Amino acid sequence: MSTADIGLIGLAVMGSNLALNIAEKGYTIAVHNRSPWRIDEFVAEAKAEGLDGKTVPKYDPAEFVQAVKAPRSIIIMVKAGKPVDEMIEQLLPLLEKGDAIIECGNSLFTDTQRRFDYLTPKGIGYLGVGVSGGEEGARHGPSIMVGGSKEQWHNAEAVLTTIAAKFNGESCCAYLGEGGAGHFVKTIHNGIEYGDMQMIAEVYGVMRDGPGMSPGECADVFKEWNKGPLNSYLIEITGHVLAAVDGDTGKPLVELILDKAGQKGTGVWSAIAAQQMGVPATAIEGAVAARSISSRKEERVAAEAIYGKRSAGKADVTLADLEKALLAGKIVSYAQGFAVIAKASEENGWNLPLATIAKIWRAGCIIRSRFLDQMSAAYEKGGNVNLLVVPNFVTLMKDAHPSLRKVVAAAAVGEFPMICLSAALSYFDSYRQARGTANLIRWSARFLWCAWLRDCRPWDRSARYVAFDAG
Ligand code: NDP
């Protein structure tokens with residue numbers, strides 16, 4: 001008998017927490033997982049939380065599908081990539097027209113678009129949904145970015161909007177557009193997250209290696225900053241992370257962690273998407289590059305042996321400068337991220353609502369911040385323009401960019417790496433420069449072309465002069 005309001009396959013970290021969240025909100029959920037032991041574990045967990053009455057565990061895929069009321073909404077939360085395609089093929093013969101697959105992993109948006117195009121003619125809805133907030137968010141309220149089949153979205157709308165995080169009572173879940181729109185927005189969210197984290201790390205580097213502040217002292221600074229315009233989840237957890245002490249050694253935990261960061265793919269996908277569409281996203285690109293450099297630990301050690309350590313010395317900046325530099329860098333990074341989203345919207349005909357996107361990022365997700373509330377208001381008033389020309393942000397930027405300039409300059413002189421903040425500053429300076437220097441590039445490019453003609457077509461020697469007519 002079909003008793004469940006919704007179904008979910010994939011009971012690893014994200015899936016099990018999302019399922020418990022759904023059950024806790026009063027919906028009955030059928031669950032399934034390829035490996036049966038995970039189902040057993042989930043059953044025990046649900047029981048421990050008093051939610052067993054709202055969960056319907058099924059070990060057989062056909063029985064699982066039958067347990068969900070039609071038209072069915074089936075969430076799949078399995079490893080991104082091939083497993084998603086395998087899962088779709090497994091489900092397809094079990095579903096009926098009007099049912100929907102809701103894929104909530106970190107999928108590449110072009111994969112989501114392909115799956116949407118494959119399933120739509122078969123009468124099966126396909127929703128590609130970005131879920132942000134990690135394990136904690138999945139359990140207690142993530143930010144949910146929905147894309148895909150609009151008709152079937154309405155079948156799952158009540159559940160998804162209910163389980164999402166709330167900001168001032170508003171759900172941080174929204175339908176954004178067709179096909180791969182939801183996963184695209186989630187990808188850029190992650191790219192922006194990379195930028196935020198990298199800029200925070202760069203500022204921490206100046207505090208640590210300049211005046212030699214201890215992790216505890218840095219933690220206090222971040223905790224203080226979290227009360228001001230930088231107020232955000234990432235600044236908050238940076239304060240906690242820097243304050244953490246290892247129980248065994250009594251040393252600050254951050255100093256026991258290897259300085260190598262990997263990347264899961266979404267940061268790179270953001271940078272690639274931006275480049276492919278011709279939208280500059282230098283902060284995201286810088287953040288991805290910084291992680292790549294960090295992962296080359298052995299090469300860095302060898303290079304330091306060749307060039308020597310950074311010359312000792314402080315960066316000639318105040319903590320107030322660092323705070324404002326971080327704010328300016330963040331504004332530039334978000335301006336770039338939203339410009340990428342606006343361009344993708346135009347190219348794919350998604351009609352993505354920028355104000356709504358800023359709104360659903362205000363709570364639940366990793367980049368949640370006070371700043372996003374201002375951004376959603378700005379986009380509501382101003383339409384899809386670059387954030388750098390939206391009046392409120394112009395005021396903030398005019399106040400903060402001199403500090404960014406000061407910090408980047410001091411970092412350059414003091415030999416502090418600042419790949420992301422300096423990229424943000426260069427973008428800002430290029431963006432606001434009415435008279436640029438690309439005239440030289442165009443002229444040179446023409447000259448090279450003409451030189452090539454001259455060398456390859458010796459019978460047409462006059463071609464060499466064309467360059468001088470270029471104007
Ligand atoms: P994993 O990405 O580790 O995936 C594990 C789950 O996928 C298990 O349920 C596993 O089943 C299932 N699976 C793997 N291969 C197959 C297959 N071929 N057929 C059927 N099932 C398969 O789980 P997470 O919970 O960490 O993440 C789920 C998704 O959410 C991923 O796309 C991830 O990128 C995304 N995400 C994760 C976040 C996080 O913080 N972890 C945050 C936001 C998004 P089995 O038990 O049988 O191995």
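Is Glu415 buried, partly exposed or exposed? At 43% relative accessibility, Glu415 counts as partly exposed (buried is under 20% relative accessible area, exposed over 50%, partly exposed in between, with a 1.4 Å probe and protein chains only). This comes from a predicted model, in which local features need pLDDT of at least 70 and side-chain atom pairs count only at pLDDT 80 or more, while totals for chains, interfaces and linings use all residues. Residues are numbered from 1 along each chain as its sequence is written, and side-chain values use heavy atoms, with hydrogens and water left out.

Glu415 sits in the loop between helix H17 (391–414) and helix H18 (419–431) (helices are DSSP runs of H or I with at least four residues, strands are runs of E with at least two, and both are numbered from the N terminus). Its phi is positive, near 65 degrees, though the residue is not a glycine. Asn351 also has a positive phi, about 55 degrees, without being a glycine. Asn351 is in the loop between helix H14 (319–348) and helix H15 (354–360), and at 66% relative accessibility it is exposed. Pro71 belongs to the loop between helix H3 (61–66) and strand S4 (73–76). Most residues other than glycine have a negative phi, and most peptide bonds are trans.

Now for the ligand. Of the 21 residues around it, Met14, Asn33, Ser35, Arg38 and Glu86 come nearest (a residue is near if one of its heavy atoms lies within 4 Å). Helix H1 (13–24) and helix H4 (82–91) each supply at least two residues of this shell, and the largest share, three residues, comes from H4. Polar contacts are pairs of N or O atoms within 3.5 Å. Among them, a ligand oxygen is 2.5 Å from a side-chain N or O atom of Arg38, and a ligand oxygen is 3.1 Å from a backbone N or O atom of Lys79. Taken alone the ligand exposes 880 Å², of which the protein buries 80% (Shrake-Rupley areas, 1.4 Å probe).

Elsewhere, strand S10 (residues 173–177) is mostly covered, with five of its five residues buried. S10 pairs with strand S7 (residues 143–148) in the parallel sense over four bridges (pairing takes at least two DSSP bridges), and Ile144 stands opposite Cys173 in S10. Glu193, in helix H8 (residues 181–209), is buried at 15% relative accessible area.

Definitions and conventions
Polar contact = N/O pair within 3.5 Å; in protein donor to acceptor, adjacent residues only side chain to side chain.
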